[in-house]
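Hello,

Here is the structure I promised to hand over. Please take a look, then read my notes below.

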Amino acid sequence: MFKEQGYAIANFNNVKKRVDDLKHRSDDVKSRLGGILKKLWNPERTIRSVPSTTDFKDLRYRFPQFAEVIDFYESSVIIFAQLDQHFQIPPVLLQGDPGLGKTYFSSELAKLLALPFYEISLATTSSSFSLSGGNIQWSEGSPGFIANTLAESAVANPVILIDEIDKASQESRYNPLNVFYGLLESHSAKRFRDEALEFELDASKIIWIATANYMQFIPEPIQSRMRAFQIKQPDPSRMLSVIESIYSQVVHSNAYGKLLDEALSETVIDYLATQSPRKIKLAIEEGAFKAIRNGRRTIQMVDLPAMSKEEHRVGFI
């Protein structure tokens, strides 16, 4: 069983004061703040522990290139379970080439830990307002992603993925990375302030994972706040588990998956083994449609597109 304990992410008196203030505001302001204040009216959340019996075996098999990361998480699970404390771990940065499955791995890790999973891509986040909120005096000012996530989450320690942190726009004074100088340090994260709410939230229990392709585009002070792992392409001998994982993802994330067998044939696996993950996924999707159209549950060689052999480049989409 997952052990939980109570934890307040905000001071109730501060929430009540803001709600009382809202009574004298315009309908527009009420509409922008009413929803989140309703969720924060009870600021009590739970902090979830992860039992030491959590089995990482399947995750290791499906994501061989993340073995070192899995070791890091499994060690933390065991240690804090023995201490009878809630699960916690320093912010983690997963750096590696595109297509290695960093985002998908993060979501599957959160699922294994039975923790809510949220993500934001800094490639499409143009300013800090999206994260830390904008002053309600502005016409479009509203609570940001962090406050909304904490308000929505049933636990105080959800997993939040900062996807493509190296692609954050750093040219403006509202650089979204600025928010993380405080959020990635637990002592300052306890006093996180959303500009629209105008009161502090405790974001210190959030479990952070960031992904990046290129370390040189991440400011050193941000790097220093995270435990970095370089994710490499797995050994060609591990291609079986990689292809099986991609196929399973296709089967179980699409409605048509119920029309397919649970596994690929050895012949098809051998054929796909020299391809990049992106091509493998596209080939499986194309093969699945052709097989189903022809009344079969099994993808055969005839269903797959012609593919030239290429150097192993292992990962995920």
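**Contacts of Val268**

Leaving aside neighbours within four places in sequence, Val268 is in contact with Ile299, Gln300, Met301 and Leu304. Please keep in mind that this is a predicted model.

Where does Val268 sit? It is found in helix α12, which covers residues 266-272. Is Val268 buried or exposed? Its relative accessibility is 1%, so Val268 counts as buried; the cut-off for buried is under 20%. His252 lies 16 residues from Val268 in sequence. In space, the two are 19 Å apart, C-alpha to C-alpha.

**Helix α5**

Next, helix α5, residues 102-113. The helix has twelve residues. From its first C-alpha to its last, α5 reaches 17 Å. That is close to the 16 Å expected at 1.5 Å a residue.

How many of the twelve residues of α5 are buried? Nine are, so α5 is mostly covered. The buried residues are Lys102, Tyr104, Phe105, Ser106, Ser107, Glu108, Leu109, Ala110 and Leu113. After α5 comes Ala114. The phi of Ala114 is positive, near 60 degrees.

**Helix α7**

Helix α7 spans residues 145-152. Why is α7 described as largely enclosed by the rest of the structure? Because six of its eight residues are buried. Those residues are Phe145, Ile146, Ala147, Thr149, Leu150 and Ala151.

Over to you.

Best wishes

Note on methods. Residues numbered from 1 in each chain as written. Predicted model: local features only at pLDDT ≥ 70, side-chain atom pairs only at ≥ 80, totals over all residues. Heavy atoms only, no water. Helix = DSSP H or I, 4+ residues; strand = E, 2+ residues; numbered from the N terminus. Buried < 20%, exposed > 50% of the residue type's maximum accessible area, 1.4 Å probe, protein only. Contact = heavy atoms within 4.5 Å. Expected span 1.5 Å × (residues − 1).
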